[in-house]
Amino acid sequence: NPVVNNATINFNIEETASVSYQIFDLAGRMVQNATLGNYNQGSHSVNFNVNGLSTGTYIVKVQAGAATTTSKILVY
């Protein structure tokens with residue numbers, strides 16, 4: 001998932017929940033995080049800015065209530 005300025009998080013939640021994300025570098029340091037607010041049940045897509053991140057690979061962790069998903073992004 002190479003990105004330049006903005007990345008998109010796609011997620012599906014089973015019930016209304018507070019959603020947040022954290023971005024970690026490969027050394028495990030959190031480099032960005034945000035609370036996105038409450039989302040209703042269903043599929044959602046959220047854009048976030050990666051301009052402040054150096055070129056490299058990052059892990060994105062999305063938390064929606066008790067559910068957590070992770071994915072990799074490659075910033076150019």
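Modeller: Setting aside neighbours within four places in sequence, Phe11 is in contact with Val19, Tyr39, Gly42, Ser43, His44, Val46 and Val62. This is a predicted model. Phe11 belongs to the largest nonpolar core, which has 19 residues, and together with Phe48 and Val50 it touches the most other members. Strands S2 (6–13), S3 (17–25), S5 (42–49), S6 and S7 each supply at least two residues of that core.

Two of these strands, S6 (residues 56–64) and S7, run antiparallel and are joined by nine bridges. Within this pairing, Tyr58 stands opposite Ile73 of S7. S6 and S7 form a hairpin with two residues between them, and Gly65 in the turn has a positive phi of about 65 degrees. S7 (residues 67–75) also pairs with strand S1 (residues 2–3), here in the parallel sense and over two bridges. In that pairing Val3 stands opposite Val75.

Asp25 lies in strand S3. Asp25 counts as buried because its relative accessibility is 14%, and buried means under 20%. A polar atom of the Asp25 side chain lies 3.0 Å from the backbone nitrogen of Ala27.

How values were computed. Residues numbered from 1 in each chain as written. Predicted model: local features only at pLDDT ≥ 70, side-chain atom pairs only at ≥ 80, totals over all residues. Heavy atoms only, no water. Pairing = 2+ DSSP bridges. Helix = DSSP H or I, 4+ residues; strand = E, 2+ residues; numbered from the N terminus. Core = buried A, V, L, I, M, F, W, Y, C linked by side-chain atoms within 4.5 Å. Buried < 20%, exposed > 50% of the residue type's maximum accessible area, 1.4 Å probe, protein only. Contact = heavy atoms within 4.5 Å. Polar contact = N/O pair within 3.5 Å; in protein donor to acceptor, adjacent residues only side chain to side chain.
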